[in-house]
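Hi,

Here is the structure I promised to pass on to you. My notes on it follow below.

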Amino acid sequence: MPVLTSVSGFPRIGRDRELKKAIEGYWKGNLSLQEVRSTAADLRARHWKLQSRQGIDLIPSNDFSYYDQMLDTAIMLNAVPQRYRSLSFDDPEDTLFAIARGYQGERGDVTALPMKKWFTTNYHYIVPEIDYSTDIHLASTKQFDEFQEARALGILTKPVLIGPYTFLKLARTPQAEELSIDRGLINAVSGVYASVLQRFAELGASWVQFDEPYLSLDKEKGDESLVTALYTTILGTPHAGVKVLLNTYFGHVGDIYEKLALLGFDGIGLDFVEGREGNLTAIERHGVPQTTTIVAGVVNGRNIWRNNYADSLGLIDALRTVTDHVAVSTACSLLHVPYTTQGEDALGEDVLRHFAFAQEKLVELRQIADLVDASDDARRGSSVLHDNQSLFDGSRVAADPAVARRLADLTDDDLVRLPDRSERQRLQREELGLPLLPTTTIGSFPQTREVRAERARLRKGEIDQAAYDDFIRGKIDDVIARQESIGLDVLVHGEFERNDMVEYFGQNLHGFLFTRNAWVQSYGTRCVKPPIVWSDVSRARPITVKWSAYAQSRTSSIVKGMLTGPVTILNWSWPREDVSHELQTRQLALAIRDEVLDLEKAGIRIIQIDEAALREKLPLRRSDWHTQYLDWAVPAFRLVHSGVKPTTQIHTHMCYSEFNDIIKDIDDMDADVISFEASRGDLVVLDAIHDAHFETEAGPGVYDIHSPRIPGVEEITRRIREILAKIDADKVWINPDCGLKTRGDAETWPSLENMVEAARAIRAEL
Ligand code: GLN
Ligand code: ZN
């Protein structure tokens, strides 16, 4: 039997983001729901046919979603909170959009369900909400409809569902707490999945895939028995003719593989990109049951470089010494890569041949499968294999000797800033002369339509660089004057020159490439277009110095410089696969270090280095936190700022405050000040700061910038008091949660005025 090819999931937004455009058109009232439905059906058909043409055997269906597949799963299970039902929409899509985005209108006023990052990706899922009154039962036909839709096109698909374990582990109570999962809930949820499976048996499906990425996390007490209970029920229900594929990804499942193998799945999907060692060891140790196929995820679903066929073949050959039943697959859904390299001609054929986006990865799967089936002789003579190997012969890019030399010359001393922080704090207090509870912002001010329009005109050549720079200077003049007038203590220049906090830096660094259309879904209809790290990185020219220096020249107050940190730049780009993340981060750290030192030379006395993505890339397994990540990410940050004078104050910013567990590591970054999101009543992090004797001065956000609401003075005052109950006043900064770029001027200025007034009132009491 030839080896099967399987795709975990395919991007749904469309090659030209057709789905985004249709849905947003509907939201704006320019398109009908019927038009959105028909665009969606066209896209599904196109994606199935494409995969079928490329010879994929197990083509996913139900990987499509109008917004998010966790939300679809919640709807399937009838886990829709009453406040959304009460809006009484006629069309189910409208209810779905209300859950995802909130609704304010004649039918009522509800906020959206929260969103969280999907494991270590930059994709966000909707967090399902379940309470004791949720009546779990099979409540949607989406998965069956899409299966039948494909069959009408002559394509037998493999329906994909988020599995019950992952669903239950990620769902929350209305109080945002983890569920207490009792027998009743287990029975109800597994009952729904069992009946879904039965229905697919009736419909003639041959495979059904349950996605269980949560299995790649460390197990807590009760997790193993939960998995066993759920799947014993599901697999024990008659489903003759349908094979069940348990699909795992984003890491290894070595700690539970033996149990999973005993449950009787027809297929187990394992990630051999991110979980290679752990999964391979588990298979070698515990073997593979006769009736189980190992669906080997060898094609990376999270990066865009071509697969190394020799490497994949080596792995599959190793698996085949243990079992005859191996299929080849993507290591996770292709949702996380762009659609196709076609149309990216500006990059040149020599560059493009190194990349495989979703469409090209289908070809890779087919070619790998064919090579697996080929005889040794045929492999030796294969031009496909030969061409592929030429991509990895080391000739892709020449190393930059200057970068290599700088890295080699680094010593441990370069990773340490002197004198120690308490001494710096004393010196900085004298030098900067700031009041107690200094007020500041996170960097960006509203990127209004006017700002974006001006950038578009520059891009189209309608205005020249000088005119654009004049425009930006005008914006800086305004924002400085306004910050002065409301009495903020530390000012910013507003970041009007930036389209994006990563791309803007990439454009001023050697080693980066940019695509035209390589969009990836981030959440709902929002997509991002990460730049590509192509070769050794160094700073091409000063990046922000002229804007910060200009802003400082307009005021006698202190202006804070504003940079993106190396870990965040790497995490929000496509990293190289031929050198380690550690090395790439170090190169980036040196580049940003140059910028830090130039800012200091230009008279900037406070410099903020944002590391918004540091926390989100923490490995899934606790045992990997330090060895695989923090042990180099934290020193890389120190390398960025260790060269400044003791009196220059270094700030950092993180969007999420879920760092109670790594609070010591955050302190180890050795910044002088950190600001972070904490306005949504998250007091846990304040306790952690208190208990850890956190040394870094802290600016827990005092109001939520994700909402257009204007917080009152009272409310902010209360919030500051909560903070002061946990952190000494001489270590507290007062700032909003995050940057203000997505807000409007109408709410931004009154909110900041209230913030300054609240800080002053409390200051007067101290
Ligand atoms: N300095 C950035 C801003 O204010 C930080 C953005 C972020 O943390 N995501 O926009
Ligand atoms: Zn932020």
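Glu18, Leu19, Ala22, Ile23 and Tyr26 of H1 are in contact with Leu33, Glu35, Val36, Thr39, Ala40 and Leu43 of H2 (contact: C-beta atoms, placed from the backbone, within 7 Å; helices are DSSP runs of H or I with at least four residues, strands runs of E with at least two, numbered from the N terminus). This contact is made up of eight nonpolar, one polar and two charged residues (nonpolar: Ala, Val, Leu, Ile, Met, Phe, Trp, Tyr, Cys and Pro; charged: Asp, Glu, Lys and Arg; polar: the others, Gly among them).

The model is predicted: local features need pLDDT of at least 70 and side-chain atom pairs pLDDT 80 or more, while totals for chains, interfaces and linings use all residues. Residues are numbered from 1 along each chain as its sequence is written, with chains lettered from A and ligands numbered from 1 in the order in which they are written.

Ligand 1 has 13 residues around it, of which Ile442, Gly443, Ser444, Ala612 and Gly739 come nearest (around: C-beta atom, placed from the backbone, within 6 Å). By class, that shell holds six nonpolar, four polar and three charged residues.

Isoleucine 662 sits in the loop between strand S20 (649-654) and helix H26 (663-668). Beyond its neighbours within four places in sequence, isoleucine 662 contacts Leu618, Trp625 and Leu630. Isoleucine 662 counts as partly exposed because it has 19 C-beta neighbours inside 10 Å (buried is 20 or more, exposed 12 or fewer, partly exposed in between, with C-beta atoms placed from the backbone).

Best wishes

Conventions: Contact = placed C-beta atoms within 7 Å.
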